[in-house]
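Visitor: I'd like to learn how to read a few features here. Could you walk me through them?

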Amino acid sequence: MNSSEFSHLTDLVTKTANKNPLNFDIKNEHKFYEYKIKRFLTDVALGMMPSQVWTGQYDATGGYLIVKENGDVLCYHIYNRNEFENYLLNNTKLDTASSSRHGFGKIYKENRELFFKLNLLIRLYPTD
């Protein structure tokens, strides 16, 4: 999958925060990396698409429903934003897309330049 044994976002956020590659001022224990990932996950869950310029306008304005494999339904209202963001962070993993279906790793030429596709899936794995 990737060069790390970590795929769960909580592990990746913790590892990134410990390394602090952006040299963010963390002396006041600001959780900069966690905050940014939560915002990204919220934007993706509520409307951001890779094929369109993100305007910041959510498709879901009242809430969000999650149907788990066992049939349980979780409902998050916008006024539960912190709970929703925590749920997304704690239940999301990175995965590798199908190489045959999405052309992952295939070299192609465009305007006399060589490119290759890198695919990454962000998956919600509800556990609670």
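Visitor: In which helix do Lys 38 and Glu 34 lie, and how many residues apart are they?

Guide: First, some ground rules: this is a predicted model, where local features need pLDDT of at least 70, side-chain atom pairs count only at pLDDT 80 or more, and totals for chains, interfaces and linings use all residues. Residues are numbered from 1 along each chain as its sequence is written, and side-chain values use heavy atoms, leaving out hydrogens and water. Helices are DSSP runs of H or I, at least four residues, and strands are runs of E, at least two, numbered from the N terminus. Both Lys 38 and Glu 34 sit in α2, four residues apart, about one turn of the helix.

Visitor: What is the distance between the closest N and O atoms of Lys 38 and Glu 34?

Guide: A salt bridge needs a side-chain nitrogen of Lys or Arg within 4 Å of a carboxyl oxygen of Asp or Glu. Lys 38 and Glu 34 make one, at 3.0 Å.

Visitor: Is Lys 38 buried or exposed?

Guide: Buried means under 20% relative accessible area, exposed over 50%, partly exposed in between (1.4 Å probe, protein chains only). Lys 38 is buried at 11%, while Glu 34 is partly exposed at 25%.

Visitor: Which residues of α1 are buried?

Guide: In α1 (residues 9–19), they're Leu 9, Leu 12 and Val 13. Down the axis of α1, the buried residues fall within an arc of 100° (taken from the directions from the helix axis to the C-beta atoms), so they line one face of the helix.
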